[in-house]
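Please open the model in a viewer and keep the sequence beside it. The tour begins at one side chain and then widens to the whole chain.

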Amino acid sequence: QVQVVESGGGLVQTGGSLSLSCVASGRIYSINAMGWYRQAPGKQRELVANIGRGGTINYVDSVKGRFTISRNIVNIVRRTVNLQMSSLKPEDTGLYYCKIEANDGTDYWGQGTQVTVSS
């Protein structure tokens, strides 16, 4: 059984930093991408950043230069993907979700971790 668990959210002032971590445990034979999404109140969930199988990284324009995504996939039953966030802005506030896209088309989501940036 695959479990995806996020941690590291919290309350921070504008300009501050937070580091999010996601642990995907369980056997996923082949991963297409690992990434972070966020959903602000009243808005649709959006991609923040992801890493493809070959290491290609994508960021939404609003976080480029401020957020850094990284992963550790050496342990095939415990993979991690992290999101280092700096120079945070109030518009970064939201529920941050980790998503693991398996090569067989299955998507695994975590429960989310709240990030709140005060002005």
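This is a predicted model: local features need pLDDT of at least 70, side-chain atom pairs count only at pLDDT 80 or more; totals for chains, interfaces and linings use all residues.

Select Arg 38 and Glu 46: their side chains make a polar contact of 2.7 Å. Such a contact is a pair of N or O atoms within 3.5 Å, where one must be able to donate a hydrogen and the other to accept it, and residues adjacent in sequence count only if both atoms are side-chain atoms.

Residues are numbered from 1 along each chain as its sequence is written, and side-chain values use heavy atoms, without hydrogens or water.

Now show the surroundings of Arg 38. Leaving aside residues up to four places away in sequence, Arg 38 touches residues including Val 48, Phe 67, Asp 92 and Tyr 96 (contact: heavy atoms within 4.5 Å). Arg 38 counts as buried because its relative accessibility is 6%, the limit being under 20% with a 1.4 Å probe and protein chains only.

Colour by secondary structure. Arg 38 lies in strand E4, residues 31-39; strands are DSSP runs of at least two residues, and helices of at least four, numbered from the N terminus. The protein chain has 11 strands and zero helices.

Finally, display the C-alpha trace, which spans about 45 × 25 × 25 Å along its principal axes. Of the 119 residues in the protein chain, 40% are buried.

Definitions and conventions: Buried means under 20% relative accessible area, exposed over 50%, partly exposed in between (1.4 Å probe, protein chains only).
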